[in-house]
Amino acid sequence: MAIDYTHIPSPCFVLDESLLRKNLELIDSVQKAAGCRIILALKAFSMYSVFPIVGEYLSGATASSLNEIKLINDFMGHKAHTYIPAYVDSEFEEVLERSSHLTFNTLSQYHRYKDRVGAWNEKHPDQQISVGIRVNPQYSEVEADMYNPCVPGSRLGETRDKFGDTLPEGVEGIHFHTLCENGSDTLERTLEALEAKFGDLLHQARWLNMGGGHLMTREGYDIDRLVRLVKAIREKYDLEVILEPGSAIAWRTGTLVSNVLDIMDSQGIQVAILNVSFAAHMPDTLEMPYKPRIEGAHHEPVAGKPTYRMGGMTCLAGDFMGDYSFDEPLQVGDRLVFEDMIHYTMVKTTTFNGVNLPSIGIWQANDTFRLVRTYGYETFKDHLS
Ligand SMILES: Cc1ncc(COP(=O)(O)O)c(C=O)c1O
């Protein structure tokens, strides 16, 4: 059943359990068909109240900070696949204790920490940490520079000229992440570029982590091609393949419920002020930027229909989105539901302006609503002093 918003508080992120399970089932079928491991990238989706559900389908997760590592340990019961662009000395021992795989972003970071990893592995024969290095294949089809890790000057991964004929001693894995909401045709071209530059080193590796950006749960994604590509590279180089998507797992699994607080005329433009903020609660909409869909609204203004700019609740002049048209004029108190607000949106929220964070809830598979958490003054106060 579709979510019944009648008794759901506002503002609130609402995750639809059945939709999450549908995505996870598809992803699980891909990992089984391709013979690879698919793990969750926490940076896109860290709603740990549903990690037990994720764990029914996926066998691990990847972290990009010590806090994400802890969430994986605590709520998935696994050690993390860890990739942090630069490790912090004071955290490194804890990172070692809590990780099964450790990917270094640069060779200098690897050389700085390799003895500590070696010492850990010597002391813990039954908890070996496998080390990888992130490479930059200098090929990405991501158009927005903000999300393109291959632009000149990118700090993300080492280019081929930095390596000799062999992988540095002790490095078992190669990691690349150059996709963002891409199809498997992009992956095919990316692998061609990777092989052209790093083919000799792939023969020496035990695993290849193909990063995230594989949007296999989007309608129209060519899954057969993905399966074919993974199988082929696995067999050709005799290595384990790992994929670490984030978006694909939480893609279109839920919404952000809001309400109209006020309506004003601003020099001929109708503005609806909401109890959510684009800057604080949906910052990716301003960052990317993209225009989120609102259930039941016309995504583009329609001549002759009531049309509104959506105003966020902070004082930032740019905290608005629009315009949208509606079949009926909006009223104060009306509920507006923003679509596809789970991946990246939820993890990026802030309390800028002192605004409360939206609550978090789950529309459960049995068609009941579970309110997981609400936030107030303490949350705002706690990250300041
Ligand atoms: C290293 C790495 N792995 C995985 C991901 C997840 O990517 P996505 O959520 O697009 O699948 C990202 C996203 O930025 C990333 O940087």
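1. Around the ligand there are 14 residues (a heavy atom within 4 Å), and G213, E244, G246, S247 and Y344 come nearest. Please keep in mind that this is a predicted model, where local features need pLDDT of at least 70, side-chain atom pairs count only at pLDDT 80 or more, and totals for chains, interfaces and linings use all residues. Numbering runs from 1 along each chain as its sequence is written, and side-chain values use heavy atoms, without hydrogens or water.

2. E244 places a polar side-chain atom 2.7 Å from a ligand nitrogen atom. On its own the ligand has 390 Å² of accessible area (Shrake-Rupley, 1.4 Å probe), and the protein covers 88% of that.

3. The largest pocket holds about 1200 Å³ of space. A pocket here is an open set of points on a 1 Å grid over the protein atoms alone, where a 1.4 Å probe fits, with protein on both sides within 12 Å along at least five of seven lines; lining residues have an atom within 4 Å of a point. Its 45 lining residues include Y147, C180, S247, Y344 and K348, which lie nearest the centre.

4. Domain 1 (35–250) and domain 2 (254–341 + 349–382) both contribute to that lining, so the largest pocket lies between them.

5. The second largest pocket has a volume of about 490 Å³. Of its 16 lining residues, S46, Y48, M346, I360 and Y375 lie nearest its centre.

How values were computed: Points joined across faces, edges and corners; volume = space filled by probe spheres on them. Domains from an automatic or database assignment. Polar contact = N/O pair within 3.5 Å; in protein donor to acceptor, adjacent residues only side chain to side chain.
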